[in-house]
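Subject: Structure for you to look at

Hello,

Here is the structure I said I would pass on. Please open it first, then read my notes below with the model beside you.

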Amino acid sequence: MCGSLEKKVNNILVVAITRLGDMLQSSPTIAGLKAHNPDARITVLIEKQFAKICSGIPAIDEVYVIDLSYVCRCLHRERDGIVEAFRYLDEMLADLRERKFDCCINMSNSSYTALLLKMLDAKINTGWLADAEGFRLMADPWAMLFSAFVYHQNRDYNCLNLVDIFRCAAGVTKHPRHLCYNVSPSSRVFAEQFLQEHRLTGPGPLICIQAGASQGKRQWGVARFSRLAQILVEQMNARVIFTGSPDEKDLIEQILKSYSNPRVVSAAGKTNFDQLGGILERAGVLITGDTGPMHLAVASGTPVVALFLASALCFETGPYSEGNFVLQTQISCSPCNPNYPCSRPDCHAQISPELVAYVAQLRLTTARGEEGSVSIPAAVADP
């Protein structure tokens, strides 16, 4: 069980200098902090490139932005750049100290954020901390648990989602049992216009597919995605939207060259984060790997069919809500070490396009709450 905060606090700093998906995974903790302390002011410290996501996460009162890319550019110049970087961080630290936070929660497991909390000297500090000499300190039992499971050889023993580890490290017991994100009205209008522009407002289920992944070995192959799109369109009469960042446009273009159909379009590079949320809200299901868009779909209320390949482990970072279907391969090398490439990704071959399409159909046709009754024939996936 997690240890809740012993007394009410009025001014809370949440340090979440992290990735996009991790910020969404922090949303139940932030909502829970507000539920525990309804009158408290909650400030989130986040890296500049991820700051816009906070506008859709409820219970945040202020977003405090740090520009780490600017610091890196300064340090790269050396000499006067080092002085400039120091001045930037020193002024930021002074400003944070003036705000007199009475509770600081570090949800980033980096050494420099632990040192930051040490220098802010709040009355209550939880999460990842630093000792008197500035070294990272694993004093919190949940931080210890996280560190024990981070290492590759221990991952098989973990059955706790990182959302709950973050939450318990913050002492939050009352919380929503799902990720939280509110899509803006303008992005809902954008999604409607996108569907009309691409003539995707007709009959048939709307299915989104996130083809890209953070690592190449976590990314299903082009041929499998194109075959999946073909099955969804020709057997299920689906309308298919491939989502993705600008960097993933080439990947999706390769998929669409392999299978082209007016009912299959690309939204890669055509949306910002909130607009993507608007499109995902309209979908009946998102087919994805372990990605930021997976967490956004869950937070927006759209169920997912998630493919956990290579180093991805569904018990750690699986979709945090009810009603999602996860495909996790059960072979001796899975999950593999995230720090090394894979020369023979056998896990990819274990999941066929036919199986993914079948599971997507199950998700679309199974009533919420009845997921435990579904079964997959051996002809589709050999047990």
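The buried residues of helix H11 are Phe-273, Asp-274, Gln-275, Leu-276, Gly-277, Gly-278, Ile-279 and Leu-280. Buried means under 20% relative accessible area, with exposed being over 50% and partly exposed in between, for a 1.4 Å probe and protein chains only. Helices (H or I, at least four residues) and strands (E, at least two) are DSSP runs, numbered from the N terminus. The model is predicted, and local features need pLDDT of at least 70 and side-chain atom pairs pLDDT 80 or more, while totals for chains, interfaces and linings use all residues. Residues are numbered from 1 along each chain as its sequence is written, and side-chain values use heavy atoms, with hydrogens and water left out.

Helix H11

H11 runs over residues 273-282, and eight of its 10 residues are buried, which leaves the helix mostly covered. Its buried residues pack against H1, helix H8 (185-197), E8, strand E9 (239-243), strand E11 (285-288) and helix H12 (292-299). Packing here is judged by contact, that is, heavy atoms within 4.5 Å. At the N-terminal end, H11 is capped by Asn-272, with a side-chain oxygen 3.1 Å from the backbone nitrogen of Asp-274.

Ser-187 counts as buried because its relative accessibility is 4%. A polar atom of the Ser-187 side chain lies 3.4 Å from the backbone nitrogen of Gln-275. A polar contact is a pair of N or O atoms within 3.5 Å; within protein, one must be able to donate a hydrogen and the other to accept it, and residues adjacent in sequence count only if both atoms are side-chain atoms.

Strand E1

Five of the five residues of E1 are buried, so the strand is largely enclosed by the rest of the structure. In a regular strand the side chains alternate between the two faces of the sheet. In E1 both faces are covered: Asn-11, Leu-13 and Val-15 are buried on one side, and Ile-12 and Val-14 on the other.

E1 runs parallel to strand E2 (residues 41-47), with five bridges between them, and Asn-11 stands opposite Arg-41 in E2. E1 also runs parallel to strand E4 (residues 103-106), joined by four bridges, and here Val-15 stands opposite Asn-106. Two strands pair if DSSP finds at least two bridges between them.

Thr-18 is in the loop between strand E1 (11-15) and helix H1 (20-25). Is Thr-18 buried or exposed? Thr-18 counts as buried because its relative accessibility is 17%. Leaving aside neighbours within four places in sequence, Thr-18 is in contact with Met-23 and Phe-50.

Cavities and a pocket

How many cavities of 30 Å³ or more does the structure hold? There are two. On a 1 Å grid over the protein atoms alone, a cavity is a set of points where a 1.4 Å probe fits but cannot get out, and a pocket is an open set with protein on both sides within 12 Å along at least five of seven lines; lining residues have an atom within 4 Å of a point. Grid points are joined across faces, edges and corners, and a volume is the space filled by probe spheres set on the points.

The largest cavity has about 80 Å³ of space. Of its 13 lining residues, Gln-210, Trp-220, Phe-225, Thr-288 and Gly-289 lie nearest its centre.

The second largest cavity has about 40 Å³. Among the residues that line this cavity are Ala-213, Arg-218, Asp-290 and Leu-309. Arg-218 sits in the loop between strand E8 (206-210) and helix H9 (222-236). Arg-218 is buried because its relative accessible area is 17%. The side chains of Arg-218 and Ser-311 are joined by a polar contact of 2.9 Å.

The second largest pocket holds about 330 Å³ of space. It is lined by 16 residues, and Ile-66, Leu-89, Met-92, Tyr-112 and Met-119 are the closest to its centre. Helix H3 (68-77), helix H4 (80-98) and helix H5 (111-120) each give two or more residues to this lining.

Regards
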